[in-house]
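Thanks for coming. I will go through one model today, starting with a term and then moving from the whole chain to single residues.

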Amino acid sequence: MTGPINPNILLAVPLAPLAGSAIAGLLGTKFFGNVVGRKVSHTATIAGVFIAMVLSIMTLMDVLGGETFNQNVYTWMTIGGMKMAVGFQIDALSAMMMCVVTSVSLMVHIYTIGYMAEDEGYNRFFSYISLFTFSMLMLVMSNNFLQLFFGWEAVGLVSYLLIGFWYTRPTAIFANMKAFLVNRVGDFGFILGIGLLLAATGSMDYQETFKAADHLSTLTVAGTNWPLLTAACICLFIGAMGKSAQFPLHVWLPDSMEGPTPISALIHAATMVTAGIFMVTRMSPLFELSDTALSFIIVIGSITALFMGFLGIIQNDIKRVVAYSTLSQLGYMTVALGVSAYNVAVFHLMTHAFFKALLFLGAGSVIIGMHHDQDMRNMGGLRKYMPITWITSLLGSLALIGTPFFAGFYSKDSIIEAVHASHLWGSGFASFAVTAGVFITAFYSFRMYFLVFHGEERFGKAHAHEHAHDDHHAHHADTNQGNEGIDPTALHEATAHHEEDEDDHGHHGLAPGQKPHESPLVVTLPLILLAIPSVVIGFFAIQPMLFGDFFKGVIAVGENHPAMEELAHEFHGAAAMGVHAFTSVPFWLALAGVVAAYYCYMINPRVPAWFYAKLRPIHTLLDNKYYMDKFNEVVFAGGARGVGKALWQVGDRVLIDGLVVNGSAKLVGWFSTIVRTFQTGYIYHYAFVMILGVLGTLLYFFPFWHA
């Protein structure tokens, strides 16, 4: 047994990255005089995150030794009997999240030294990502809804700053505003859910709310017959739909690729998008009492897992392929939440954090080697030029598709089995979605792998620059690259190329005769360190996290939700699970996806061209992302503009300007015109008006005709 958890150590975990962010942001930027240079900025932020990681590991060791912590460390205000406080709840769930967030963040910080070396906003970027880490730590360590909401909004705010980091780029400004607004939609539901629980319990503390869960299940929303707990859980999950990019609030995530690659890894792997998964898991004592809310979660997660995977197949920007992969994998986690396999959801969250960060940083390394060209149609054959990036990206891809004994296999296959074991409404569709998604994931992952690292070298050619660094509005798939499996007669319809950005140094892409090069050690070292857990962590963690006591007393599962029990009954050890996988349907589907990708893009590229020609309407549908952006533009943005125009024309011009402002002036002018007719200068006119006034007064006060 270890000693009690020290609250001062817990305070240091989020405050260390915050201190590093303050040093880089206040002393290292032009706005404050650039007192410190780049070396001090990156040293301070990396040191802060490193301290947080070490203290998080120490905290996890304490938790494994049986220690927990749940106390307020600062009371902000007290209103009646309700306390608004800053406090920490440290148990297996929060300690695991602390380690994942800080370790991935540390790798991203180190990687950033190389990736952003030539960027003018170097210090500002380090300040932002360190502040992002602070925000996420405050979220996962919270013991009350107030602090949860603070961390929730803080990661949203910093993501806005990071996605629009290159603020001279119009598409970056569009993307960060889109992310901000879409998340506000989800956050509106989130705060409604918190408000419902607060109104019913009078407390913002997790434990007090959980103790009242049985009573909450008997209540209805005032003025309706809606079950209060179901309404609160659905509202909370709507918040998770925004943060964790679930359909239909997923539209912001692919556009977040406009930010630099390191922040793509941080947002998509360990921080912002996992906040919703963590929150629902933390709220499991509430969600377990509402099958309606769980079924809603299952359906939303299934749609996201399946249909976002389809979009990954047609992407040509290397970062966007990985982004749609993130959307699909978040759908898998959400489905696991819906079938009450919370352990499996956070297990996949953890394994996914490592191999997805690896894939994003690997993509960034490729982009460096390709001189900021992100289009896979201009790559090929990079394996011999970038061996470390190649092998680590291969390991990440194998983990992503669920290759037996890799980290992603244990978590992904456990989700599929848990869904099969569930009997909740919607689990049938979910079972199909997560199973079919195995083939789709393998296909688009190895399509990317083969196009980038194998085959013909398509870089360093004059035509390559036509496709370099596609604009946000470009149609990514229609281009004249028949040997890639795309219709050779199709034309690239990019509307515009980016203006020269802060990260531009000359042209994008390799000039004729240039060759790619392996990235420096400061970039490849994080790839190597992330590749290790991407391979082994699932093997060692599955037993304690899914079938041991790691989450005992932290995650609640009702007796009427038997998915985890059936999984435990079928589990006979990590090694046996890996061996048995070679006879399972998901393995053969994944293998089929890899083989299909190899055949289509390495052996016979005419096959995808044939599919493109025969299924062009479907390709158009996918290329337009199911027209979700256009739907939002017409219905929501157009509706808002219509309401705004009506308010302007009727409210502003007619009522305010026309009636109140101009109308009152005209009324005064009309009255003045009448009064002016009596101001003639003749005494008998004034006497006549006085007599009329007296007569009117008498008639008003002494209505003699009523006597």
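Contact here means heavy atoms within 4.5 Å. With that in hand, take Ser-422, which is in contact with Val-339 and Ser-427, leaving aside its neighbours within four places in sequence. Ser-422 sits in the loop between helix 18 (407-421) and helix 19 (427-453). Helices (H or I, at least four residues) and strands (E, at least two) are DSSP runs, numbered from the N terminus. Is Ser-422 buried or exposed? Its relative accessibility is 9%, so Ser-422 counts as buried. The cut-offs are under 20% relative accessible area for buried, over 50% for exposed, and partly exposed in between, with a 1.4 Å probe and protein chains only.

Now the ground rules. This is a predicted model, in which local features need pLDDT of at least 70 and side-chain atom pairs count only at pLDDT 80 or more, while totals for chains, interfaces and linings use all residues. Residues are numbered from 1 along each chain as its sequence is written, and side-chain values use heavy atoms, with hydrogens and water left out.

Next, the whole chain. The protein chain has 27 helices and 2 strands. Its C-alpha atoms fill a box of roughly 115 × 65 × 60 Å along the principal axes. Of the 707 residues in the protein chain, 57% are buried. Among contacts in the protein chain with a separation of 6 or more, 80% are between residues 24 or more positions apart. The accessible surface is about 28500 Å², and carbon and sulfur atoms hold 69% of that; the areas come from the Shrake-Rupley method with a 1.4 Å probe, and for residues only the protein chains shown count as cover.

On charges, Lys and Arg count as positive and Asp and Glu as negative, with His and the chain ends not counted. Each charge is placed at NZ of Lys, CZ of Arg, CG of Asp or CD of Glu. The mean positions of the 33 positive and 46 negative charges are 6 Å apart.

Two helices next. The expected span of a helix is 1.5 Å times one less than its number of residues. Helix 4 (residues 122-141) has 20 residues and should therefore span 28 Å; its end C-alpha atoms are 29 Å apart, which agrees. Helix 23 (residues 585-603) has 19 residues and reaches 25 Å from first C-alpha to last, close to the expected 27 Å. What do the buried residues of helix 23 pack against? They pack against helix 18, helix 19 and helix 24 (606-614). The buried residues of helix 23 include Pro-586, Phe-587, Gly-593 and Tyr-601.

Last, the backbone. Most residues other than glycine have a negative phi, and most peptide bonds are trans. The peptide bond from Phe-247 to Pro-248 is cis, with omega near 0°, and Pro-248 lies in the loop between helix 9 (228-243) and helix 10 (252-255). Phe-405 is not a glycine, yet its phi is positive, about 80°. Phe-405 belongs to the loop between helix 17 (387-400) and helix 18, and its relative accessible area of 31% makes Phe-405 partly exposed. Lys-625 also has a positive phi, near 55°. Lys-625 is in the loop between helix 25 (616-623) and helix 26 (628-676), and at 18% relative accessibility Lys-625 counts as buried.
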